[in-house]
Amino acid sequence: MWFKKKNIETEKPVYPRHIAIIMDGNGRWAKKRGMPRSFGHKAGVAVAEKIIDYAIDIKLQHISLYAFSTENWQRPDEEISTLMTLFDTYAEKVINRYYAEKTERYKSLYIRFLGDTSVLSPSIREKIDTIEVLNRERTPSTIVNIAVNYGGRREIVKAVNDFIARNPGKHITEADIEKYLYFSGQPDPDLIIRTGGEMRLSNFMLWESAYSEYYSCPVYWPDFSPEDLDRAVIDFNKRTRRFGGV
Ligand code: IPE
Ligand code: IPE
Ligand code: MG
(Lines give C-alpha, C1' and ligand atoms only; values in the text may rest on other atoms or scores of the structure.)
(Ligands and ions follow the chains in the order given, each with its own letter.)
Protein backbone atom coordinates (compact mmCIF):
# COMPACT_ATOMS: atom_id res chain seq x y z
CA MET A 1 0.00 0.00 0.00
CA TRP A 2 1.30 3.43 -0.88
CA PHE A 3 0.86 6.37 1.39
CA LYS A 4 2.42 9.79 1.49
CA LYS A 5 5.16 10.18 4.07
CA LYS A 6 4.15 12.87 6.50
CA ASN A 7 6.62 15.70 6.44
CA ILE A 8 7.17 16.52 10.09
CA GLU A 9 9.67 19.25 9.44
CA THR A 10 7.75 21.65 7.25
CA GLU A 11 9.35 24.75 8.70
CA LYS A 12 11.97 26.38 6.52
CA PRO A 13 14.93 27.96 8.27
CA VAL A 14 15.61 31.64 7.69
CA TYR A 15 19.36 31.99 8.03
CA PRO A 16 20.80 34.92 9.93
CA ARG A 17 23.95 36.75 8.83
CA HIS A 18 26.40 35.13 11.21
CA ILE A 19 26.35 31.69 12.84
CA ALA A 20 29.13 30.63 15.22
CA ILE A 21 29.70 27.03 16.28
CA ILE A 22 31.58 25.63 19.28
CA MET A 23 32.54 22.27 17.78
CA ASP A 24 32.64 20.14 20.93
CA GLY A 25 32.40 16.43 21.69
CA ASN A 26 35.06 14.87 19.44
CA GLY A 27 36.73 13.08 22.36
CA ARG A 28 33.50 11.65 23.78
CA TRP A 29 32.38 10.58 20.32
CA ALA A 30 35.60 8.58 19.89
CA LYS A 31 35.48 7.16 23.41
CA LYS A 32 31.96 5.87 22.82
CA ARG A 33 33.42 3.87 19.93
CA GLY A 34 36.38 2.60 21.96
CA MET A 35 38.72 4.70 19.85
CA PRO A 36 41.43 7.25 20.77
CA ARG A 37 40.44 10.95 20.96
CA SER A 38 42.45 11.65 17.79
CA PHE A 39 39.96 9.51 15.86
CA GLY A 40 37.23 11.93 16.96
CA HIS A 41 39.27 14.95 15.90
CA LYS A 42 39.85 13.46 12.45
CA ALA A 43 36.14 12.79 12.05
CA GLY A 44 35.51 16.33 13.31
CA VAL A 45 37.55 17.90 10.50
CA ALA A 46 35.49 16.03 7.90
CA VAL A 47 32.29 17.38 9.46
CA ALA A 48 33.66 20.93 9.50
CA GLU A 49 34.30 20.57 5.76
CA LYS A 50 30.76 19.32 5.22
CA ILE A 51 29.29 22.22 7.21
CA ILE A 52 31.40 24.75 5.27
CA ASP A 53 30.03 23.29 2.04
CA TYR A 54 26.54 23.58 3.42
CA ALA A 55 27.20 27.20 4.42
CA ILE A 56 27.98 27.91 0.77
CA ASP A 57 24.79 26.11 -0.35
CA ILE A 58 22.60 28.18 1.96
CA LYS A 59 24.55 31.37 1.17
CA LEU A 60 25.45 32.02 4.78
CA GLN A 61 27.41 35.26 4.96
CA HIS A 62 29.54 34.50 8.03
CA ILE A 63 30.28 31.24 9.81
CA SER A 64 32.71 30.98 12.71
CA LEU A 65 34.06 27.65 13.92
CA TYR A 66 35.85 27.26 17.26
CA ALA A 67 38.64 24.79 16.57
CA PHE A 68 41.24 25.30 19.35
CA SER A 69 41.10 27.51 22.42
CA THR A 70 43.91 29.26 24.28
CA GLU A 71 43.13 26.81 27.11
CA ASN A 72 43.39 23.69 24.93
CA TRP A 73 47.22 23.75 25.34
CA GLN A 74 46.56 22.08 28.70
CA ARG A 75 45.75 18.82 26.91
CA PRO A 76 48.26 15.93 26.62
CA ASP A 77 51.14 16.59 24.19
CA GLU A 78 50.03 13.75 21.97
CA GLU A 79 46.54 15.18 21.49
CA ILE A 80 47.92 18.67 20.79
CA SER A 81 50.32 17.23 18.27
CA THR A 82 47.46 15.40 16.49
CA LEU A 83 45.40 18.59 16.39
CA MET A 84 48.29 20.65 15.03
CA THR A 85 48.94 18.08 12.31
CA LEU A 86 45.24 18.19 11.43
CA PHE A 87 45.31 22.01 11.20
CA ASP A 88 48.37 21.85 8.98
CA THR A 89 46.83 19.25 6.65
CA TYR A 90 43.57 21.17 6.66
CA ALA A 91 45.23 24.48 5.75
CA GLU A 92 46.98 22.73 2.87
CA LYS A 93 43.67 21.28 1.74
CA VAL A 94 42.03 24.71 1.96
CA ILE A 95 44.62 26.06 -0.47
CA ASN A 96 44.25 23.16 -2.89
CA ARG A 97 40.53 22.70 -2.70
CA TYR A 98 39.08 26.16 -2.27
CA TYR A 99 41.72 28.41 -3.79
CA ALA A 100 43.85 26.57 -6.34
CA GLU A 101 40.99 24.98 -8.22
CA LYS A 102 39.30 28.32 -8.75
CA THR A 103 36.01 26.56 -9.32
CA GLU A 104 32.90 28.65 -9.69
CA ARG A 105 31.55 27.17 -6.47
CA TYR A 106 34.41 28.34 -4.26
CA LYS A 107 35.51 31.55 -5.88
CA SER A 108 33.60 33.76 -3.45
CA LEU A 109 34.60 31.78 -0.36
CA TYR A 110 36.91 33.48 2.09
CA ILE A 111 38.60 31.32 4.75
CA ARG A 112 40.27 33.06 7.68
CA PHE A 113 42.17 31.69 10.66
CA LEU A 114 41.56 33.89 13.68
CA GLY A 115 43.37 33.80 17.00
CA ASP A 116 46.93 34.08 18.25
CA THR A 117 48.40 32.23 15.29
CA SER A 118 51.92 33.55 16.01
CA VAL A 119 52.72 30.53 18.19
CA LEU A 120 51.64 27.95 15.62
CA SER A 121 54.29 26.05 13.66
CA PRO A 122 56.02 27.89 10.78
CA SER A 123 54.45 25.37 8.42
CA ILE A 124 50.89 26.24 9.51
CA ARG A 125 51.63 29.99 9.63
CA GLU A 126 53.03 29.92 6.12
CA LYS A 127 49.81 28.35 4.83
CA ILE A 128 47.65 30.81 6.75
CA ASP A 129 49.67 33.67 5.22
CA THR A 130 49.24 32.18 1.74
CA ILE A 131 45.46 31.97 2.26
CA GLU A 132 45.36 35.59 3.46
CA VAL A 133 47.16 36.74 0.32
CA LEU A 134 44.78 34.69 -1.87
CA ASN A 135 41.81 36.22 -0.03
CA ARG A 136 42.87 39.68 -1.21
CA GLU A 137 41.92 38.73 -4.76
CA ARG A 138 38.42 37.75 -3.73
CA THR A 139 35.12 39.41 -2.99
CA PRO A 140 33.59 37.10 -0.43
CA SER A 141 29.97 36.04 -0.24
CA THR A 142 30.67 33.49 2.50
CA ILE A 143 33.31 34.24 5.13
CA VAL A 144 34.49 31.25 7.18
CA ASN A 145 36.34 32.13 10.38
CA ILE A 146 38.28 29.27 11.92
CA ALA A 147 39.26 30.16 15.48
CA VAL A 148 42.61 28.56 16.29
CA ASN A 149 44.45 29.37 19.51
CA TYR A 150 41.57 31.72 20.08
CA GLY A 151 40.50 33.10 23.44
CA GLY A 152 37.81 35.73 23.90
CA ARG A 153 39.70 37.35 26.76
CA ARG A 154 42.97 37.30 24.87
CA GLU A 155 41.24 38.91 21.91
CA ILE A 156 39.99 41.80 24.05
CA VAL A 157 43.39 42.28 25.71
CA LYS A 158 45.03 42.29 22.27
CA ALA A 159 42.57 44.89 21.03
CA VAL A 160 43.25 47.16 24.02
CA ASN A 161 47.02 46.80 23.66
CA ASP A 162 46.91 47.46 19.91
CA PHE A 163 44.85 50.57 20.57
CA ILE A 164 47.19 51.87 23.30
CA ALA A 165 50.25 51.28 21.11
CA ARG A 166 48.77 53.48 18.41
CA ASN A 167 47.02 56.01 20.66
CA PRO A 168 49.10 56.46 23.81
CA GLY A 169 47.27 58.29 26.59
CA LYS A 170 43.93 58.33 24.78
CA HIS A 171 40.65 57.28 26.38
CA ILE A 172 39.39 54.02 24.85
CA THR A 173 35.83 53.52 23.56
CA GLU A 174 33.79 50.47 22.53
CA ALA A 175 34.29 51.40 18.88
CA ASP A 176 38.07 51.51 19.46
CA ILE A 177 38.04 47.99 20.90
CA GLU A 178 35.90 46.71 18.03
CA LYS A 179 38.40 48.06 15.56
CA TYR A 180 41.18 45.85 16.89
CA LEU A 181 39.35 42.58 17.56
CA TYR A 182 40.14 39.54 15.41
CA PHE A 183 36.52 39.68 14.21
CA SER A 184 36.70 43.38 13.43
CA GLY A 185 34.50 44.44 10.53
CA GLN A 186 32.19 41.42 10.73
CA PRO A 187 28.70 41.46 12.21
CA ASP A 188 28.33 39.92 15.67
CA PRO A 189 27.12 36.31 15.64
CA ASP A 190 23.33 36.13 15.69
CA LEU A 191 23.37 32.51 16.80
CA ILE A 192 25.97 30.49 18.69
CA ILE A 193 25.54 26.72 18.52
CA ARG A 194 27.43 24.43 20.88
CA THR A 195 27.50 20.72 20.13
CA GLY A 196 28.23 18.05 22.75
CA GLY A 197 25.59 19.23 25.20
CA GLU A 198 27.57 21.59 27.45
CA MET A 199 26.05 24.97 28.19
CA ARG A 200 29.02 27.28 28.32
CA LEU A 201 30.98 29.59 26.07
CA SER A 202 34.45 28.34 27.06
CA ASN A 203 36.01 31.71 26.23
CA PHE A 204 34.51 31.97 22.72
CA MET A 205 33.62 35.35 21.18
CA LEU A 206 33.10 37.05 24.55
CA TRP A 207 32.86 40.57 23.16
CA GLU A 208 30.90 39.68 20.03
CA SER A 209 28.33 37.46 21.78
CA ALA A 210 26.84 40.25 23.92
CA TYR A 211 23.45 39.80 22.22
CA SER A 212 23.85 36.45 20.47
CA GLU A 213 21.19 33.79 20.79
CA TYR A 214 22.54 30.61 22.29
CA TYR A 215 21.68 27.03 21.30
CA SER A 216 23.06 23.87 22.87
CA CYS A 217 22.77 20.65 20.92
CA PRO A 218 23.43 17.21 22.52
CA VAL A 219 24.89 15.76 19.31
CA TYR A 220 28.68 15.28 19.40
CA TRP A 221 30.43 17.31 16.71
CA PRO A 222 31.40 14.31 14.47
CA ASP A 223 27.68 13.45 14.24
CA PHE A 224 26.54 17.02 13.53
CA SER A 225 24.72 17.40 10.21
CA PRO A 226 23.26 20.17 8.05
CA GLU A 227 19.85 19.06 9.39
CA ASP A 228 21.05 19.77 12.95
CA LEU A 229 22.16 23.22 11.83
CA ASP A 230 18.73 23.82 10.30
CA ARG A 231 17.05 22.69 13.51
CA ALA A 232 19.08 25.22 15.47
CA VAL A 233 18.16 27.98 13.02
CA ILE A 234 14.44 27.07 13.15
CA ASP A 235 14.62 27.33 16.95
CA PHE A 236 16.46 30.64 16.63
CA ASN A 237 13.80 31.95 14.20
CA LYS A 238 11.14 31.51 16.92
CA ARG A 239 12.90 33.78 19.38
CA THR A 240 12.30 37.47 19.89
CA ARG A 241 15.48 39.48 20.12
CA ARG A 242 15.04 42.71 22.04
CA PHE A 243 18.61 44.02 22.40
CA GLY A 244 17.54 45.67 25.64
CA GLY A 245 14.51 47.38 24.12
CA VAL A 246 10.85 46.54 24.58
C1 IPE B 1 36.27 19.64 20.65
O2 IPE B 1 36.13 18.33 21.10
C3 IPE B 1 37.51 19.85 19.84
C4 IPE B 1 38.56 20.63 20.53
C5 IPE B 1 38.46 21.22 21.66
C6 IPE B 1 39.83 20.70 19.83
P7 IPE B 1 36.77 17.86 22.46
O8 IPE B 1 38.14 17.36 22.20
O9 IPE B 1 36.69 18.92 23.50
O10 IPE B 1 35.82 16.64 22.83
P11 IPE B 1 35.21 16.31 24.24
O12 IPE B 1 34.51 17.54 24.72
O13 IPE B 1 36.36 15.94 25.13
O14 IPE B 1 34.28 15.18 23.99
C1 IPE C 1 35.72 24.46 23.65
O2 IPE C 1 35.69 23.13 23.98
C3 IPE C 1 36.82 24.72 22.66
C4 IPE C 1 36.60 24.21 21.33
C5 IPE C 1 35.53 23.61 20.89
C6 IPE C 1 37.69 24.43 20.42
P7 IPE C 1 36.45 22.55 25.27
O8 IPE C 1 36.20 21.10 25.27
O9 IPE C 1 37.85 23.00 25.28
O10 IPE C 1 35.67 23.29 26.46
P11 IPE C 1 35.52 22.89 27.97
O12 IPE C 1 36.88 22.56 28.49
O13 IPE C 1 34.60 21.72 28.03
O14 IPE C 1 34.92 24.09 28.62
MG1 MG D 1 35.28 19.42 24.90
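View 1. A backbone N or O atom of Gly27 is 2.9 Å from an oxygen atom of ligand 1, and for Gly25 the corresponding distance from a backbone N or O atom is 3.3 Å. Taken alone, ligand 1 exposes 380 Å², of which the protein buries 87%; these accessible areas come from the Shrake-Rupley method with a 1.4 Å probe, and for residues only the protein chains shown count as cover. The residues that surround ligand 1 number 13, the closest being Asp24, Gly27, Arg28, Arg37 and Arg75, where a residue counts as near if one of its heavy atoms lies within 4 Å.

**View 2. The surroundings of ligand 2****.** Among the residues around ligand 2 are Ile22, Met23, Asp24, Tyr66, Arg75 and Ser202. Taken alone, ligand 2 exposes 390 Å², and the protein buries 78% of that.

**View 3. Strand E2 and the strands that pair with it****.** Strand E2 (residues 62-69) is mostly covered, since seven of its eight residues are buried, that is, under 20% relative accessible area, as against over 50% for exposed and in between for partly exposed (1.4 Å probe, protein chains only). Strands (E, at least two residues) and helices (H or I, at least four) are DSSP runs numbered from the N terminus, and two strands pair if DSSP finds at least two bridges between them. Strand E1 (residues 18-22) runs parallel to E2 and is joined to it by five bridges, with His18 standing opposite His62. Strand E4 (residues 142-150) also pairs with E2 in the parallel sense, over seven bridges, and here His62 stands opposite Ile143.

**View 4. Pro187 in its loop****.** Pro187 is found between helix H6 (174-180) and strand E5 (191-194), and it is buried, with a relative accessible area of 17%. Leaving aside neighbours within four places in sequence, Pro187 is in contact (heavy atoms within 4.5 Å) with Arg17, His18 and His62.

**View 5. The largest nonpolar core****.** A nonpolar core is a set of buried Ala, Val, Leu, Ile, Met, Phe, Trp, Tyr and Cys residues joined through side-chain atoms within 4.5 Å. The largest one has 46 residues, and those with the most contacts inside it include Ile21, Tyr98 and Phe224. Helix H3 (residues 77-100) gives the most to this core, with ten residues. Apart from it lies another core, of eleven residues, among them Tyr66, Ala147, Tyr150 and Phe183.

**Notes.** Residues are numbered from 1 along each chain as its sequence is written, and chains are lettered from A and ligands numbered from 1 in the order in which they are written. In this predicted model local features need pLDDT of at least 70 and side-chain atom pairs count only at pLDDT 80 or more, whereas totals for chains, interfaces and linings use all residues; side-chain values use heavy atoms, with hydrogens and water left out.

Key:
A polar contact is a pair of N or O atoms within 3.5 Å; within protein, one must be able to donate a hydrogen and the other to accept it, and residues adjacent in sequence count only if both atoms are side-chain atoms.
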